[in-house]
Structure formats: structure tokens, C-alpha cells
Amino acid sequence: MEKLKDSENLDPFQISQIQLYTACKLMSCDREIYKALNQPERFVEIKITMRMDNGSLQTFKGFRSQYNSARGPMKGGIRWHPDESAALVKALSAWMTWKCACVDIPLGGAKGGIICTPKEMSNRELEILARNYIRKLADIIGPSIDVPAPDVYTNPQIMAWMMDEYETIMRKHAPAVITGKPLPLGGSAGRLISTAKGGAFCIREAAKDIELNLNGAKVVIQGFGNAGSWASKILTQDFNCKIIAISDSKGGIYNKDGIDPNKALVQKEKTSTLVGLKDAQMITNEELLELECDILIPAALENVITRKNAEKLNCKIVAELANGPTTPAGDQILSKNEIFVIPDFLCNAGGVTVSYFEMVQGYYQYFWDEKEVFTALDRVMTKAYRSTVDKAKEYNTHNRMGAYIIAVGRVVDAMQLRGWL
Ligand code: NAD
């Protein structure tokens with residue numbers, strides 16, 4: 001196979017390709033197999049021009065990357081972020097493919113995004129943007145083709161507008177076109193907190209493996225959005241962990257005696273920043289990652305654990321709720337230092353797993369309660385966690401590669417059975 005360079009200046013898609021390449025090498029796959037897997041099946045770039053509230057015309061660039069459909073309809077969230085890029089969307093669509101295969105749900109991988117700053121947009125503007133995105137893509141998405149969901153800075157309301165637009169175009173009900181919908185429109189109980197819940201099941205299993213007592217364990221979380229804020233609540237409520245530091249895009253806060261997640265949420269809702277919470281001192285996002293703790297949870301964006309800071313991490317477990325938080329060079333350092341990594345596409349797979357449950361419930365129009373959803377989620381996550389750790393041991397590699405070997409193996413099997421390889 002051709003040699004891919006490893007440097008810290010790679011974009012997320014190149015990073016995903018290096019990870020795939022490394023897995024293929026460990027699995028002794030042919031170069032042709034790597035080539036058949038290292039690009040999306042289809043990548044679409046769109047342009048949306050719309051009238052803003054102040055009367056100006058603004059044009060936004062959007063993307064949809066459909067990476068692999070061998071195992072089922074493709075599935076992946078939609079991010080609205082100023083730093084969105086083609087490379088990031090492609091990488092995220094690759095990780096979605098490996099994620100669905102790793103937890104063994106019958107879906108392929110996709111991802112979408114729009115370059116925009118939703119925090120500065122009104123509700124009316126957000127709705128127009130959401131509807132326009134679907135208008136441009138209606139022909140290539142659908143319940144049995146590609147099923148979007150929420151991701152960074154998109155939410156159930158945005159999913160509801162998107163579903164409505166799709167149904168208006170198709171002139172029929174099609175709730176399974178999108179997941180992460182509000183409950184009255186066919187959403188699943190538990191979907192909102194499912195990413196964090198799935199991560200918490202993995203943390204519970206990892207703690208058993210490294211003999212870490214979760215009662216009082218010190219937790220640091222970067223990112224206090226959907227994934228991070230729910231993780232802080234679940235780890236406190238279910239395992240009595242102590243959250244000693246949290247952050248968001250505006251900075252972080254630290255208290256060695258623990259931060260009450262509910263008070264932090266109230267503070268953030270009132271002031272739109274965590275900074276200023278009583279009894280907590282300010283800390284930068286960089287300092288936060290290097291704090292001495294038991295569990296570090298990156299739950300914001302990609303490329304935060306790198307060659308530059310990995311050596312300074314002072315934790316026992318890195319539980320990656322964010323997608324792509326660790327670069328390949330960062331990975332090597334964590335592995336050398338025997339930090340136990342729960343890799344992103346395993347750790348954060350709770351979201352897509354409950355999205356899959358939402359599709360299933362939508363198909364037969366019978367809805368489960370939260371307890372049923374989480375019992376089923378626990379089963380899927382625990383099984384995937386165990387297979388990942390066992391596979392890593394079998395190949396004498398780290399957990400990320402363990403997860404890759406399982407996922408790539410399943411996708412290759414499906415492609416071969418279809419006659420694609
Ligand atoms: P979100 O939009 O709800 O929250 C993102 C959080 O990250 C916010 O608190 C924001 O302030 C913070 N943030 C942004 N830039 C930051 C920076 N430079 N430093 C520190 N914090 C920063 O998004 P989310 O849904 O919680 O997603 C977070 C991560 O989890 C993403 O990588 C996403 O792809 C991944 N993920 C989310 C889900 C899900 O169901 N929500 C599922 C799988 C993976």
C-alpha cells in the first residue's frame with residue numbers, strides 16, 4: 001500500500017484516511033480494498049441564497065457526503081458551524097460508516113453541514129436555511145437512502161422543519177427521513193441524551209477493566225453542549241462521579257471539590273457562558289485538557305489532543321464523545337503512556353443507535369418508553385465495547401484500531417457479499 005504521511009497539519013479527512021490505512025495494514029488488506037474504502041460514494045456541494053431579516057441577501061455553502069451504503073441506508077448528522085468544510089464533512093461521514101458498523105446497526109454512513117453562524121441568526125432565518133438545505137438535497141436523501149440527524153448547532157426543531165420540507169416536496173408522510181425529531185413528531189424517548197448515555201455505558205465498562213472506582217472519580221469535560229452537558233449530569237447521577245472542570249467555546253471553569261452540572265446549566269442559560277459560576281475559577285480550554293483527573297471527556301470539536309499536548313494529559317481514561325478529537329500522533333502518545341482511550345466512533349455511538357431505534361419505532365408506529373430505549377442501548381453499547389477491547393487485545397493494538405478492525409471488516413464483508421469487491 002502507498003505510504004501516507006503523518007503530520008499534525010493534516011485536515012480531518014486525511015486523518016480519517018490515515019486511521020483507515022493503519023487499520024487496513026493491521027488487517028493485511030490489499031491496497032485495492034483500502035482504495036475502495038477511502039473516499040465517499042457521493043459528495044455534493046450546494047449553495048443557498050436567502051433574504052436575511054435585515055433585508056440583505058446572503059449566500060451559504062452546504063455539503064452532504066454519502067460515504068458508504070453497503071450495510072444499509074446512510075446515516076449522519078448535519079452540522080451548522082462557521083468552520084464547516086468539505087474535508088470535515090467527508091471525515092465525519094467516514095466515521096459514521098465505521099460507527100454504525102462498529103455497533104452493528106444496519107446503516108451506512110453520511111454527514112452534512114452548512115458554513116454559517118447559527119448563534120447570530122433569528123429563528124425565521126434558521127427555518128429558511130433548514131428548508132432550503134432539504135430542497136437542494138431532497139432527491140438524494142430519503143428513509144431508504146440517506147437519513148440526516150442533528151449534530152453541532154442543529155437541534156430537534158431544525159429536524160422538524162427539515163422533515164416538514166421533505167414531506168411537502170414528496171407530498172406524503174415520511175417521518176423516517178430524519179431522526180432526532182421532537183417527540184410529538186415521532187422522535188424517540190431518550191434520543192436527546194443518548195449520545196452521553198451511550199458514552200456513560202462505555203465509561204462504566206472501561207472503569208471495570210482498569211479497576212477505577214467511579215464513586216467520586218474526577219471528571220473533566222471539554223464542551224458543554226448536548227453531549228458534554230448530559231454527560232456531566234449522567235455521570236454525576238448514575239455513578240456519583242465528581243465533575244471538576246467543564247468548558248465551552250467561551251472558556252472553562254474549575255473547582256477541585258466539584259461543580260454541580262445543574263447550576264452550571266442555569267448559569268449558561270442565564271449568561272450564555274459558564275465563566276462566572278460561583279465558587280469556580282476560570283480556566284482556558286488548553287489548561288483544562290491537562291488537569292489531573294480520572295476521566296477526560298472531549299465533547300466539543302476535533303483535533304484537540306495532538307502531538308503538542310498529549311504528553312501532558314494527566315488522566316486514566318479519555319472518553320471521546322466528540323468526533324475526531326485525537327490526531328494520529330496524539331493517539332501514539334496516549335497509547336505509549338497507557339491512557340485508556342474509548343475511541344470516538346464507539347464512545348459517541350449512543351446517538352446514532354437511538355436514531356436507529358427511532359427509525360425502527362417510526363416504521364411500525366409503536367413507541368418505546370425511555371427505560372426500554374436505554375435497556376436496548378446498554379445491550380448494544382456494552383457488546384460493541386467488549387468486542388472493541390477484545391479485538392484490540394487480539395491484534396496487540398490500541399482500542400481505536402480495535403474498533404476500526406471490527407468496523408472495516410463488517411463493511412468489507414457487506415461489499416463483498418454484494419459483489420462490489
Ligand atoms: P453542541 O452544539 O450541542 O455543543 C457543542 C459544544 O462545544 C458547545 O458547548 C460549544 O460551546 C462547545 N465548543 C465549541 N467550540 C469549542 C472550543 N473551541 N472549545 C471548547 N468548547 C467548544 O454539539 P454536540 O451535539 O454536543 O456535539 C459535540 C461533539 O459530539 C461533536 O464532535 C459532535 O460531532 C459529537 N457528537 C454529538 C452527537 C449528538 O447526538 N449530539 C452524536 C455523536 C457525536
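Domain bounds here come from an automatic or database domain assignment. With that in mind, the chain divides into domain 1, residues 41–173, and domain 2, residues 193–347.

Some ground rules. This is a predicted model, so local features need pLDDT of at least 70, side-chain atom pairs count only at pLDDT 80 or more, and totals for chains, interfaces and linings use all residues. Residues are numbered from 1 along each chain as its sequence is written, and side-chain values use heavy atoms, with hydrogens and water left out.

Back to the domains. Their centres, taken over C-alpha atoms, are 27 Å apart. Contact means heavy atoms within 4.5 Å. By that rule, 13 residues of domain 1 touch eight residues of domain 2.

Now the ligand. Where does it lie?

Next, polar contacts: pairs of N or O atoms within 3.5 Å. A backbone N or O atom of Asn226 sits 2.8 Å from a ligand oxygen. For Ser249, again a backbone N or O atom, the distance is 3.0 Å. Arg191 uses a polar side-chain atom, at 3.4 Å. Taken alone, the ligand exposes 820 Å², and the protein buries 87% of that. Those areas come from the Shrake-Rupley method with a 1.4 Å probe.

Helices (H or I, at least four residues) and strands (E, at least two) are DSSP runs, numbered from the N terminus. Thr353 is in helix H12, residues 350–364. Is Thr353 buried or exposed? Buried, because its relative accessibility is 0%; the cut-offs are under 20% for buried, over 50% for exposed, and partly exposed in between, with a 1.4 Å probe and protein chains only. Beyond its neighbours within four places in sequence, Thr353 contacts Val103, Ile105, Leu377, Val380 and Met381.

Ala310 lies in the loop between strand E10 (295–298) and strand E11 (317–319). Ala310 is buried too, at 0%. With neighbours within four places in sequence left aside, its contacts are Ile305, Gly330, Ile333, Leu334 and Asn337.

Key:
Polar contact = N/O pair within 3.5 Å; in protein donor to acceptor, adjacent residues only side chain to side chain.
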